[in-house]
Amino acid sequence: MIFIENEVNTNPRLNLALEEYILRKFNPANDYLLFYINEPSIIIGRNQNTLEEINHQYVEDHNIHVVRRISGGGAVYHDFGNLNFSFITNHDGKSLSNFEKFTAPVIKVLNALGVKAQLKGRNDIQVAEKKISGTAQFSTGKRMVSHGTLLLDTDLEEVVNALNVKMDKIVSKGHKSVRSRVANISEYLKQPIKIEEFRSLLLAGLYEESEPFEKYQLTPEEWEGVHRLKEEKYDTWDWNYGKSPKFNIQRSKRFPVGELDVRIFVEKGHIQDFKIYGDFFGKEPLKSLEERFIGVRYESEDILALLNDVDIKEYFGDLPKNDFAQLVYGADVAD
């Protein structure tokens, strides 16, 4: 087992790029272990509809990163109180979906710290009925990554705030997260420890489980490759939002001008169909406004740009443009 130093990087996009780079580029004759701690962020499962998982307005207001990972499973919240571990190994035909194999050494270390942790369900580490870690896997066919979270001292209130979806009536083919009762590992420790000490204790425990055990630092050329992957994939809207499965949105609200009901069909992050219904009175036919939305990214900035030169009152009467923008996207997107 070779332990990869991530050099204290806390940018989730860089850390996920590093993980994938190791998976795809490093010598397949070796097994690798990676630890990383992320700034406040929501990490979206590969097959999820991003907008269905996040409180978009809260995420924007609090500068929380939103990043899609390569593995499946549900959305998770990361912050400086959460330690992430990743095992990168060969796919031997038996290890995929075998979460016990990769969580067992982690659970052993937790038990040694006095935390009565055990694997429950398919892929969760729990203490009693509360989840302290979730895991996921991804395989390229020959290689695989098994990674997970360890909630040492995460702000659990932020977990609720950031993942409390405000969007009305989203119907999609995405894999919806199942919210579990969660707890911090710190609640079960006899003495409080900081995340750096926890990381060291976990590494020492895993070292005892695996011989030989080496440490490795990436070369400047390898870091250049990691940054290139981050820029070309994990920094992009297309990966983090556009990869969402097709979905429908229905949003309605009664305003002083009457009730507005919008129906939006989104595929690959772009609006493919847009219809408006209601009992309002307007001067211009709705078709000209509806057609403006076709092909536009379902993203606040793009919707704002689209509406910049639109006189909403021509279509709905005395309706503030911002009210219409909020109805379309569920966030404050217009001036």
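In strand E2, Leu33 is the bridge partner of Phe3. That pair belongs to the contact between E1 and E2, two strands that run parallel and are joined by 3 bridges. Here strands are DSSP runs of E with at least two residues, helices are runs of H or I with at least four residues, and both are numbered from the N terminus. Two strands count as paired if DSSP finds at least two bridges between them.

A word on the source: this is a predicted model, in which local features need pLDDT of at least 70, side-chain atom pairs count only at pLDDT 80 or more, and totals for chains, interfaces and linings use all residues. Residues are numbered from 1 along each chain as its sequence is written, and side-chain values use heavy atoms, with hydrogens and water left out.

Let's stay with E2 for a moment.

Strands of a sheet pair through backbone hydrogen bonds, either parallel or antiparallel. In this open sheet of 8 strands the pairing is mixed, and the order is E7-E8-E9-E10-E6-E2-E1-E12. E7 (117-120) and E12 (214-217) stand at the edges with a single partner strand each, so one side of each has no neighbour in the sheet. On average, neighbouring strands of the sheet are turned by 25° against each other, direction ignored.

| Hairpin | Bridges and direction | Residues between the strands | Positive phi |
|---|---|---|---|
| E7 and E8 | 4 bridges, antiparallel | 3 residues | Gly121, near 65° |
| E8 and E9 | 4 bridges, antiparallel | 2 residues | Ala128, near 55° |

Strand E8 covers residues 124-127 and strand E9 residues 130-139. Gln126 of E8 stands opposite Gln118, and its bridge partner in E9 is Lys131. Ile125 stands opposite Ser133 in E9. Asp124 and Gln126 point one way from E8, Ile125 and Val127 point the other way, and all are buried.

Helix H1 (residues 12-25) lies across E1 (2-5), E2 (32-36), E6 (82-90), E9 and E10 (143-151), and runs at about 175° to E2. Helix H4 (residues 99-112) lies across E6, E7, E8, E9 and E10, and runs at about 160° to E7. Axes are lines fitted to C-alpha atoms, for helices over the stretch in contact, and angles run from 0 to 180 degrees between N-to-C directions.

Stepping back, the protein has 12 helices and 15 strands. Its C-alpha atoms fill a box of roughly 75 × 45 × 35 Å along the principal axes. Of the 335 residues, 52% are buried. Among contacts with a separation of 6 or more, 72% come from residues 24 or more positions apart.

Notes: Contact means heavy atoms within 4.5 Å. Buried means under 20% relative accessible area, exposed over 50%, partly exposed in between (1.4 Å probe, protein chains only).
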